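Here is a brief report on one protein chain.

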Amino acid sequence: MEITSAEFKISSSRADMCPQGNLPEYAFIGRSNVGKSSLINMLTKRPKLAMTSSTPGKTLLINHFLINKEWYLVDLPGYGYAQRGKKMMEKIQKLIEYYVLEREQMTCLFVLLDSRLEPQKIDLEFMEWLGENGVPFAIIFTKADKQSIAKTRSNVNRYLNKLKEQWEELPPHFVSSSENKTGRKEILDYIDSINQSIHNIESM
């Protein structure tokens with residue numbers, strides 16, 4: 001898939017304020033500081049499409065970007081940033097839960113994990129919750145350029161082995177680097193394949 005257009009559409013403080021219509025939506029989520037904005041900018045080849053910040057936890061709204069006028073890329077708030085305060089954390093959690101569980105257009109959720117880290121309890125619990133609720137998701141391991149290829153492979157395998165303790169079938173996973181564009185083609189091809197299958201079903 002080639003991205004020929006990417007435009008910001010709306011920021012929503014509630015899931016029911018999101019765009020109307022039936023275009024498929026691919027949402028990106030992860031803990032604060034996992035490199036979500038940089039990944040979105042890399043995928044779209046628009047360096048300033050999603051705002052990046054040295055301060056984690058800046059995304060507090062649901063941000064919709066219209067891609068090729070055919071589908072939405074959705075930037076969700078990060079989870080697990082304790083410095084927001086309990087009340088704000090609860091508000092963001094409800095926002096994420098409502099979008100993920102109730103948004104019919106949500107076609108696939110990409111869960112971002114920092115490839116440099118050991119499996120994190122909060123990520124494992126979040127993915128377990130997705131599985132319990134039947135939410136379709138894929139994993140993107142970020143920041144692969146921050147260490148050797150062998151170290152990334154080792155960390156990814158450790159994570160996948162941890163997931164196998166609870167999952168009979170693992171979700172699709174991708175390794176990415178916003179710096180050197182690793183994983184861009186694979187992630188976009190995956191989105192394209194889902195879009196094609198949706199189109200085929202609708203045309204039957």
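The model is predicted.

Those buried residues of H3 are Asp123, Leu124, Phe126, Met127, Trp129 and Leu130. The helix itself runs over residues 121-132, 12 residues in total. At 1.5 Å a residue it should span 16 Å, and its end C-alpha atoms are 16 Å apart, so the two values agree. Just after H3, Gly134 has a positive phi of about 65 degrees.

Next, the loops. Arg103 sits in the loop between H2 and S5. Leu61 sits in the loop between helix H1 (36-44) and strand S3 (62-67). Their accessibilities fall in separate classes, as tabulated here.

| Residue | Relative accessibility | Class |
|---|---|---|
| Arg103 | 12% | buried |
| Leu61 | 32% | partly exposed |

Arg103 counts as buried because its 12% relative accessibility is under the 20% cut-off. What does the side chain of Arg103 make a polar contact with? The partner is the side chain of Glu25, at 2.6 Å. Leaving out residues up to four places away in sequence, Arg103 touches Ala15, Cys18, Pro19, Glu25, His64 and Tyr98.

Leu61 belongs to a nonpolar patch on the surface. Leu60 and Met88 are the other members. Together the three have about 210 Å² of accessible area.

Key
Residues numbered from 1 in each chain as written. Predicted model: local features only at pLDDT ≥ 70, side-chain atom pairs only at ≥ 80, totals over all residues. Heavy atoms only, no water. Patch = residues over 30% accessible without salt bridge, like charges linked within 9 Å, V, L, I, M, F, W, Y side chains within 5 Å. Areas by Shrake-Rupley, 256 points an atom, 1.4 Å probe, with all protein chains shown as cover. Salt bridge = Lys/Arg side-chain N within 4 Å of Asp/Glu carboxyl O. Helix = DSSP H or I, 4+ residues; strand = E, 2+ residues; numbered from the N terminus. Buried < 20%, exposed > 50% of the residue type's maximum accessible area, 1.4 Å probe, protein only. Expected span 1.5 Å × (residues − 1). Polar contact = N/O pair within 3.5 Å; in protein donor to acceptor, adjacent residues only side chain to side chain. Contact = heavy atoms within 4.5 Å.
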